Amino acid sequence: MLFLVAALLLLGFALGTVAHAPLSFTLVAASVIAVWLIVFAVRERHTRRRHQA
């Protein structure tokens with residue numbers, strides 16, 4: 001329960017910070033994070049398929 005409260009506080013802090021950032025910066029940061037997550041997912045899937053065979 002404490003973890004959930006801490007996570008919500010951090011999320012609120014992050015959203016508050018994004019609200020004060022320019023829209024162009026927010027979109028660029030979101031794009032960078034999305035690309036990083038896609039690359040991570042592809043690498044994980046590739047690694048799991050290689051180890052299962």
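Mentor: Start with one cut-off. A residue is called exposed when its relative accessible area is over 50%, and buried when that area is under 20%. Also keep in mind that this is a predicted model.

Trainee: OK. Is L9 buried or exposed?
Mentor: L9 is exposed, because its relative accessibility is 61% and the cut-off is over 50%.

Trainee: Where does L9 sit?
Mentor: In helix 1, which covers residues 2-20. L9 also belongs to a nonpolar surface patch. Among the other members are M1, L2, L4 and V5.

Trainee: Which residues complete that patch, and how much area does the patch have?
Mentor: L8, L11 and L15 complete the patch. Together the patch residues have about 910 Å² of accessible area.

Trainee: What about A19, buried or exposed?
Mentor: Exposed, since A19 has a relative accessible area of 61%. A19 is in helix 1 as well. From A19 to A6 is 13 residues along the chain, and their C-alpha atoms are 20 Å apart.

Trainee: Switching topic. How many helices and strands does the chain have?
Mentor: Two helices and zero strands. The chain is more spread out than a compact globule, because its radius of gyration is 16 Å, well over the 10 Å that the globule rule gives for 53 residues.

Trainee: What box do the C-alpha atoms fill?
Mentor: Roughly 50 × 35 × 5 Å, along the principal axes.

Trainee: And helix 2, how far does that reach?
Mentor: Helix 2 runs over residues 23-52, which is 30 residues. From first C-alpha to last, helix 2 reaches 43 Å. That is close to the 44 Å expected at 1.5 Å a residue.

Trainee: How many residues of helix 2 are buried?
Mentor: Zero of its 30 residues, so helix 2 is hardly covered.

Trainee: Give me one residue there. Is R43 buried or exposed?
Mentor: R43 lies in helix 2. R43 is exposed, because its relative accessible area is 61%.

Trainee: Last one. What is the accessible surface of the chain, and how much belongs to carbon and sulfur?
Mentor: The accessible surface is about 5200 Å². Carbon and sulfur atoms account for 76% of that surface.

Conventions: Residues are numbered from 1 along each chain as its sequence is written. This is a predicted model: local features need pLDDT of at least 70, side-chain atom pairs count only at pLDDT 80 or more; totals for chains, interfaces and linings use all residues. Side-chain values use heavy atoms; hydrogens and water are left out. Patches are made of residues with over 30% relative accessible area and no salt bridge: like charges are joined within 9 Å, nonpolar side chains (Val, Leu, Ile, Met, Phe, Trp, Tyr) within 5 Å. Accessible areas come from the Shrake-Rupley method with a 1.4 Å probe; for residues, only the protein chains shown count as cover. A salt bridge is a side-chain nitrogen of Lys or Arg within 4 Å of a carboxyl oxygen of Asp or Glu. Helices (H or I, at least four residues) and strands (E, at least two) are DSSP runs, numbered from the N terminus. Buried means under 20% relative accessible area, exposed over 50%, partly exposed in between (1.4 Å probe, protein chains only). The expected span of a helix is 1.5 Å times one less than its number of residues. The radius of gyration is taken over C-alpha atoms; the globule rule is 2.2 Å times the number of residues to the power 0.38.
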